[in-house]
Every structure is written in C-alpha cells, then in structure tokens.
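Welcome! Here is a short briefing to read alongside the sequence and the 3D view.

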Amino acid sequence: MTFDNQTRILIVYDSNGGNTYRMAQQIARGVESVKNCHAILRATPKVGDRSATALPEVPESGAPFAETADLRECEGLIIGSPTHFGNMSASLKYFLDQTTEQWFAGTLAGKPAAAFTSTGSMHGGQESTLLSMMVPLLHHGMLICGLPYSNPELMQTLRGGTPYGASHVAGEDGKAPLAPTETALCKALGARVASIALALTNSPEAARS
Ligand SMILES: Cc1cc2nc3c(=O)[nH]c(=O)nc-3n(C[C@H](O)[C@H](O)[C@H](O)COP(=O)(O)O)c2cc1C
C-alpha cells in the first residue's frame, strides 16, 4: 500500500532538548535517499502536557504530534527516544501503550522497524534503551532492523552508533552536535528501513509468512 507511489516511513520520536529530534531529521534524510521513499516525522505528545480529554493543539517546535492513526499510513516505522535511566522516555512509552487497537488489527505486522536514542554519557545505557524499544515492536509483529557492520562507521565511531540502532552521545552539557559517524549511521538506518520497506511493498507476501 503506497500513497502517490511512495513508500512511507513513519519516524516517531520524543525529544526534550532537541538531540533526538536532530537524529530524526538525519534518519529522514536517509529514508529519502532511497528512490520512491518518503519520511514522515511525528513527535510524541508529552505525558505531562496531556489532560484527560485533549492533547495540546500544536507542538511548540519540531514535527506535528504523532497519532496512533498514523501507524496505518506507513510501510515502515522508526522510533526514537532520549535515554531516560537506561530506557525509553515515558512519553514514547505512553504513545506505544495507546496502540492496542493497531496491535489487535495487525496494522504493523510484517513491516520493518528500527530504533534510535541519544544519551548524555558514553556508557549511559544506549544498548539497553534500543533493545527495550524493540520489545513492543516485536509484539506488534514488526521486522526489526539494526545496523550491519558493512557500515564502516560502526568500527570507526568514538561517540554513538551501535548494531542495535543509531545513537548519539550528547555529553555532560547535553549539547554535543551529531558527530560525522553518528550522522552517517542515522542516515544508514533510515535508508536501510526504507529499502526493506520498499522491497516488502513490492512483495508483501514475503513479510506475512
Ligand atoms: C530523566 C532523565 C534521565 C536520563 N537518563 C540518562 C541515562 O540513563 N543515561 C544517559 O547517558 N543519559 C541520561 N539522560 C540524559 C539524556 O539522555 C540526554 O541528555 C539526551 O541527549 C537527551 O535527548 P533530547 O535532547 O532528545 O531530549 C537522562 C536525562 C533525563 C532528563
């Protein structure tokens, strides 16, 4: 299922300080480097900003808010979160916890997925965050994509970048820009999910078996 002949990759992220958002932008570039693939960026609403009845109207900055209905309108999904105590943020988890309807309907089953994160410190829990982000995606029946070592930056990086997904080390002040290796791996992750989604779109029976 495509729109205007485009394979759509939904990138849903949470970000407080902008680091994970900047990663999402680079991942989107990777998606759009693949012919006929289109990136859709969506931010998760903040758990603390929600009232019982309504979402805040429009995000102050970054992408429009993610809605669970967006999950129907994509051929692949990439989720991003700052590392919070070695795990994804409450806001991303809260968004995922709204997706039981899509879970029962199999909306995401057979579609490729991946994860990315930003941490403050080098060994502050990137792998644990990325691995735990994969768990709900597996429950949805998604096909998890990591980063293969054919990306030379995985061996070269002195900052973020893991075989479990893209990552970034923001440093003590939380302001370190994306290193060239981190940027390259963000783009590689976006391109990988997009290429696989495109291939599965052309051969949907392969993913459903
Ligand atoms: C509640 C909280 C918990 C955090 N836990 C960790 C952690 O476990 N490990 C780490 O390295 N950094 C941790 N950090 C730092 C953030 O992961 C880091 O600043 C990240 O770059 C923020 O991304 P953002 O700019 O997209 O919000 C934590 C920050 C907050 C606010």
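Which residues of H1 are buried? They are Asn19, Thr20, Met23, Ala24, Gln26, Ile27, Ala28, Gly30 and Val31, where buried means under 20% relative accessible area (1.4 Å probe, protein chains only). Please keep in mind that this is a predicted model, in which local features need pLDDT of at least 70, side-chain atom pairs count only at pLDDT 80 or more, and totals for chains, interfaces and linings use all residues. Residues are numbered from 1 along each chain as its sequence is written, and side-chain values use heavy atoms, with hydrogens and water left out.

**Helix H1**
- H1 has 14 residues and spans 20 Å from its first C-alpha to its last, close to the 20 Å expected at 1.5 Å a residue; that expectation is 1.5 Å times one less than the number of residues.
- The cover over the buried residues of H1 includes strands E1 (7-13), E2 (37-43), E3 (76-82), E4 and E6 (166-169), along with helix H6 (180-202); contact here means heavy atoms within 4.5 Å.
- Helices (H or I, at least four residues) and strands (E, at least two) are DSSP runs, numbered from the N terminus.

**Around the ligand**
- The ligand is surrounded by 17 residues, and the closest are Ser15, Thr20, Thr83, Ser118 and Gly124; a residue is near if one of its heavy atoms lies within 4 Å.
- Helix H1 (19-32) and strand E4 (112-119) each supply at least two residues of this shell.
- An oxygen atom of the ligand lies 2.6 Å from a polar side-chain atom of Ser15.
- For Thr20, an N or O atom in the side chain is 2.6 Å from an oxygen atom of the ligand.

Notes. Polar contact = N/O pair within 3.5 Å; in protein donor to acceptor, adjacent residues only side chain to side chain. Buried < 20%, exposed > 50% of the residue type's maximum accessible area, 1.4 Å probe, protein only.
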